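Have a look at the model before reading on.

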Amino acid sequence: MRVAQLDLAGPDGEVLSFGPALPPAAAIDSGDDVYALVRVGGRPVATVVCTVPAGKNPADAVAAHARAELARTGVPVPSPATGTPPRTSVVVATRERADRLAHALDSLLAQDHPDFEIVVVDNAPVTTATEELVTGEYADRAVPVRYVTEPVPGLAIAHNRGVAAADGEIVAFTDDDVIADPRWLTELTRPFADDPGLGCTTGLILPARLGTPAQILLESHGGFAKGFAARTYDPALPPADEPLFPFTAGSFGSGANMAFRAAALRAAGGFDPATGTGTPARGGDDLYAFVAVLTAGHRLRYSPEALVWHHHRETWGDLTNQAYGYGAGLTAYLTAVLVRRPALLPSLLRKLPRGLARARTITAHRDSGGAAVPGAHGTHDYPWPRQLSRLERRGMLAGPLGYAKARRKVRGVRPPWEPRGEEQP
């Protein structure tokens, strides 16, 4: 399935541009199955899935589907931020993926943000490939690209090292397997200028490629998409449609596309070092940080204009590992909340019965925020294999034990910005 971008002059307007989402991919042709991001005047508003009929112009065919979808659903009403984006540090944690990292860095250097730096955190490296890439290929750039190391394995620990090294008022995070839209960083960080109470922002994540059955299956299950409607989550005004707020942190966004006010993140203790990829907990580091900042009284905003393209895992084996990790990361993060923030226990216990029911539901249906998905051409009923649902549930059972094992391994590890005399809670 080809991944494309279509830009219209209006919901029913002429085609401004059309082509592969990430050049230099080959041109889209008649007969191709297409998953397309639809923009209106450059602003992401929808996704559509279709097949270009034989002999038809691909741009015209996809535009017809897009206009019909926008007529059916309407164009999301924007609530744009207007302030000047603050000084920002972009943290990219990586481990032995220098080739992929180079593509991510190239997209970050093309950002239109007025004032930012890039901090690459090399996590538990076994070769010098990443160091040589960053200090060689990316030295002396107009945008500073700094290299730091974190010898202890784990994504949360690597992110904390990046937070300690960052000099920006805002710290943004993305992964080494994404390509950032040129306006990603501006759209992700501008809301902080308009809202002093904002502690965190997240953005839209779409697939960079849908070239294998595993990639299509993941995206058909919702992928990482959270839809095209901007939303602000306020702990002082819990959303009526989120009765488990803030414990359903997976609905807020994902770690490949998030930013924090640095002072708020540091004050909340940063990321729990016993969570995340590279630890027995398998995940949950981003979810824990979302809840930590929200429960400290800060707001969180989801901004679909802040777009990155994510390279989904390609094989069935990758997908099974990811399914297990989803489940483990979910319950590991909840365990981390209980262990490190026991004052939240009464609230969590009140909501636990509905939370368990929701946990079972998400293994069968993952919310894509209303975006079209590729399975069965966007009908949202593409079958999610029972084997993967079982793996997610097994992961949920294993998550608390994984967190306990990880916590023992990182005992004594403190956020690197804390004075050495302070103890890790």
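## Salt bridges, a pocket and a patch

Arg2 counts as partly exposed, at 22% relative accessibility. Keep in mind that this is a predicted model. Arg2 pairs up with Asp32 in a salt bridge, where the closest N and O atoms are 3.4 Å apart. That pair ties together distant parts of the chain: Arg2 is in strand β1, Asp32 is in the loop between β2 and β3 (33–40), and 30 residues separate them.

How many salt bridges does the structure hold? There are 17. Side chains of opposite charge can pair when their charged atoms come close.

| Pair | Closest N and O atoms |
|---|---|
| Arg2 and Asp32 | 3.4 Å |
| Arg146 and Glu117 | 2.9 Å |

Take Glu69 and Arg72 next. These two are about one helical turn apart, because they sit three residues from each other in helix α1 (residues 58–73). Glu69 counts as buried, at 18% relative accessibility, whereas Arg72 counts as exposed, at 63%.

Now for Arg146 and Glu117, whose side chains also form a salt bridge. This one links distant parts of the chain, with Arg146 in strand β7 (residues 145–150) and Glu117 in strand β6 (residues 116–123), 29 residues apart. Arg146 is partly exposed at 29% relative accessibility, while Glu117 is buried, with a relative accessible area of 2%. There's also a network: Arg87, Asp115 and Asp167 are joined by salt bridges that share partners.

Back to the loop between β1 and β2 (15–20), which is where you'll find Ala9. Ala9 has a relative accessible area of 46%, so this residue is partly exposed. The C-alpha atoms of Ala9 and Val40 are separated by 5.8 Å, although the two residues are 31 apart along the chain.

On to the second largest pocket, with a volume of about 500 Å³. Which residues lie nearest its centre? They are Leu22, Pro23, Ala208, Arg209 and His311, out of 27 lining residues. By class, the lining has 16 nonpolar, four polar and seven charged residues. Strand β1 (2–8), helix α2 (98–109) and strand β9 (178–180) each supply at least two of the lining residues.

Finally, the surface carries a nonpolar patch formed by Leu338, Val339, Leu345 and Leu349, with about 300 Å² of accessible area together. Helices α9 (316–340) and α10 (345–362) are the elements that give two or more residues to this patch. Leu338, placed in helix α9, is partly exposed, with a relative accessible area of 33%.

Key
Residues numbered from 1 in each chain as written. Predicted model: local features only at pLDDT ≥ 70, side-chain atom pairs only at ≥ 80, totals over all residues. Heavy atoms only, no water. 1 Å grid on protein atoms, 1.4 Å probe; cavity = no way out; pocket = protein on both sides within 12 Å on 5 of 7 lines; lining within 4 Å. Points joined across faces, edges and corners; volume = space filled by probe spheres on them. Helix = DSSP H or I, 4+ residues; strand = E, 2+ residues; numbered from the N terminus. Nonpolar A, V, L, I, M, F, W, Y, C, P; charged D, E, K, R; others polar. Patch = residues over 30% accessible without salt bridge, like charges linked within 9 Å, V, L, I, M, F, W, Y side chains within 5 Å. Areas by Shrake-Rupley, 256 points an atom, 1.4 Å probe, with all protein chains shown as cover. Salt bridge = Lys/Arg side-chain N within 4 Å of Asp/Glu carboxyl O. Buried < 20%, exposed > 50% of the residue type's maximum accessible area, 1.4 Å probe, protein only.
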